[in-house]
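Trainee: I have a model open and want to learn how to read it. Can we go through it feature by feature?

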Amino acid sequence: MQNSDRHNFSSRLTEAGSASAELSLLRDVLKMLPTGVTVQDEHGRLVLINDAAAAQLTGGTDARDGTLSPLEQRRETGCALLRGGRSVVAEEQIPRASGPQTLLTAHRPVRIGDRNLLLSSSADISEHKAFEELLIRSAYFDELTGLPMRRVIERRVDHLVRHGGGPFALAFIDLDNFKHINDYYGHATGDALLVELARRIGRDLRSTDLLSRISGDEFLLLLQPIDRAAEVAEFTRSMLYRLNAPFFIDGAEVFASASIGVSFYPDHGNDYEVLRQKADLAMYRVKNNGKGAVAFFDHAMEQDALARMKVEQSLRLAILEKRFCCAFQPKVDIRTEEIKGIEALVRLRDNEGVIQAPGAFVNLAVELGLIDELTHLVLAEIVKSIDLINETFGHEATISINVAAKQAGNPDFMRPFAEALAATGFPKRFMVEVTEDAFVTKSHFQQEILPLLREIGVGISIDDFGIGYSSLSALADITADEIKIDRAFITDIHKRPRSQGILRAIESLSEALGMTVIAEGIESFEELAYLQAATRIRYAQGYYFSRPIFLEELKPAIPLASEARKSLASRPAPESRQYQARGSSYRR
């Protein structure tokens, strides 16, 4: 062999060795790639599969019910793509015991030599998909209950309207007194209650119905399809019945109820927002009528809503223009006919100068967050008129100011209000009247606010006792100076033996706790006579003695205390009344 031939042969061997080494390197790289790679021919045979692809396509759970395995699915898909000669990028779901694995796979048909092959590369995007799913759930589903949120039911309703989905009902569900439940049991129990409530509501829903949580304690329920309103009425009544059963949460027995308003498509509107608003109006009608029931929307509710809006606007304007005034109603000693104190009652003058009683605006002021400013306006009116008040009612008469339970439990309001009382120069004359809710719920009042008021000498009165969270055991834990028994117990007390028994129990416990008892709402001589003859109650308040009196009506020259004594003295003596004497049938 010549030298040149030997050289050429040696070169070819070197090139072959180098190519072999490169091929070996390429195979090792392909084998160790984190991306799954397969090469398939047109007969479904896998010409090449690297380790990542083998793990992806052969490591799933066993196929059941005739379902193809991931590897078989890949082969079948590859044959179809080779026949069509097209490239595709698609997601593949691989079942795993720990949850589905998602692959993003790019398929590309190629011709190498005389063979048609499909090159496929797969990247594991399971974590990305899980994060994407989390984002979708957080955007469209409530984290606490797992229910769809507002935008889901809104799109569903609008889709039904656009595509003629037929009649349906939209029910607005609001949990009653949820704030009190949160205050009394704590927010963890409140959250658990919402979860259980959602489960109870959803228990009997059809696959076409949709329950959504749209805010804290508010839910929307789409009932679709429906044939008639009667079936909706029957379903919502049964739902209320289920919700009235006690909830057992962390060892506590929690009772709840809900108010439900219902609107109907197409009778009440042709889009989500209109139907929701009208269901909301119907729900508020239930709230105003006592809660725990269901109401269907009717057009009279719109007129009520407009009237409420008018009051709201008038209320905001009245606060800006300070068009509020005070009326004062005395608390009278029914034994001596002396005036013990007065209660300041806020009144609103409307645009026509007509006086409106607080029932028309106080609850709305609380709801709108205007009550704090209103309470300070009342205090300012009292301070400005204190000389006239003293001349009319006496320098020793206590002055009661009403504070809403929501205010009483709010340190951000009560601290500056206590400072304002102290700044008057006569804080010991004031009596702050709060409802019993302020004491028995888990608010700051009893532990934090009460000491502030005690420190400056302000008295505490429990207003409207008997119509809220009343219980004698709760009364034993309350540190108040005065308890005002609601007029619901006083009206016709002389002919209501059950109310008499309750009155005696409250009176006895109040005496034992050192609290003064005041009977509210005395309107007849018979009611007064019973209190004088059959109880040890000394003080009362009501129209029988005096209606609320406005400052412009006060006459300093004739103190009201004198007029009150004259008025009482002129009443007919109840000699013929069998219940006047303590020895009568109304014995203690």
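Mentor: Start with burial. Buried residues make up 45% of the 588 residues in the protein chain. Buried means under 20% relative accessible area, exposed means over 50%, and partly exposed falls in between (1.4 Å probe, protein chains only). Two ground rules follow. This is a predicted model, in which local features need pLDDT of at least 70 and side-chain atom pairs count only at pLDDT 80 or more, while totals for chains, interfaces and linings use all residues. Residues are numbered from 1 along each chain as its sequence is written, and side-chain values use heavy atoms, with hydrogens and water left out.

Trainee: How many helices and strands does the protein chain have?

Mentor: Helices (H or I, at least four residues) and strands (E, at least two) are DSSP runs, numbered from the N terminus. Here there are 22 helices and 22 strands.

Trainee: What share of the contacts joins residues 24 or more positions apart?

Mentor: A contact means heavy atoms within 4.5 Å. Take the contacts with a separation of 6 or more: residues 24 or more positions apart account for 63% of them.

Trainee: Next, cores. Which residues touch the most other members of the largest nonpolar core?

Mentor: The general idea is that in soluble globular proteins, nonpolar side chains tend to be buried together. A nonpolar core is a set of buried Ala, Val, Leu, Ile, Met, Phe, Trp, Tyr and Cys residues joined through side-chain atoms within 4.5 Å. The largest one here has 76 residues, and Phe324, Leu421, Phe445 and Leu453 touch the most other members. Apart from that core lies another, of 31 residues, including Ala171 and Ile249. Now look at Phe445. Setting aside residues up to four places away in sequence, Phe445 touches Ala408, Gly409, Val434, Ala438, Phe439, Leu450, Leu453 and Ile460.

Trainee: And salt bridges: how many are there?

Mentor: Side chains of opposite charge can pair when their charged atoms come close. The rule is a side-chain nitrogen of Lys or Arg within 4 Å of a carboxyl oxygen of Asp or Glu. By this rule the count comes to 28.

Trainee: Asp280 forms a salt bridge with Arg276; how far apart are the closest N and O atoms?

Mentor: They are 3.8 Å apart. Asp280 and Arg276 are separated by about one helical turn because they are four residues apart in helix H9 (residues 272–288). Asp280 is buried, and so is Arg276.

Trainee: Which pair links distant parts of the chain?

Mentor: Lys340 and Glu482 meet through their side chains in a salt bridge (3.3 Å, N to O). Lys340 is in strand E14 (residues 339–349) and Glu482 in strand E19 (residues 482–485), 142 residues apart. Glu482 counts as buried because its relative accessible area is 1%. Then look at Lys484. Lys484 forms a salt bridge with Glu520, with the closest N and O atoms 3.5 Å apart. Lys484 lies in strand E19 and Glu520 in strand E20 (residues 516–520), so this pair ties together parts 36 residues apart in sequence. Both Lys484 and Glu520 are buried. Salt bridges that share partners join Lys331, Lys340, Glu343, Glu433, Glu482, Lys484 and Glu520 into one network.

Trainee: Now a loop residue. Where does Arg206 lie?

Mentor: Arg206 is in the loop between helix H7 (187–202) and strand E7 (210–215). Arg206 counts as partly exposed because its relative accessible area is 37%. For its bonds you need one more rule. A polar contact is a pair of N or O atoms within 3.5 Å; within protein, one must be able to donate a hydrogen and the other to accept it, and residues adjacent in sequence count only if both atoms are side-chain atoms. The Arg206 side chain makes a polar contact with the side chain of Asp209 (2.8 Å). The Arg206 side chain also reaches the backbone oxygen of Pro225 at 3.0 Å.

Trainee: Is the peptide bond from Gln224 to Pro225 cis or trans?

Mentor: That bond is cis, with omega near 0 degrees. Pro225 sits in the loop between strand E8 (218–223) and helix H8 (229–244). A cis peptide bond also joins Tyr265 and Pro266, with omega about 10 degrees.
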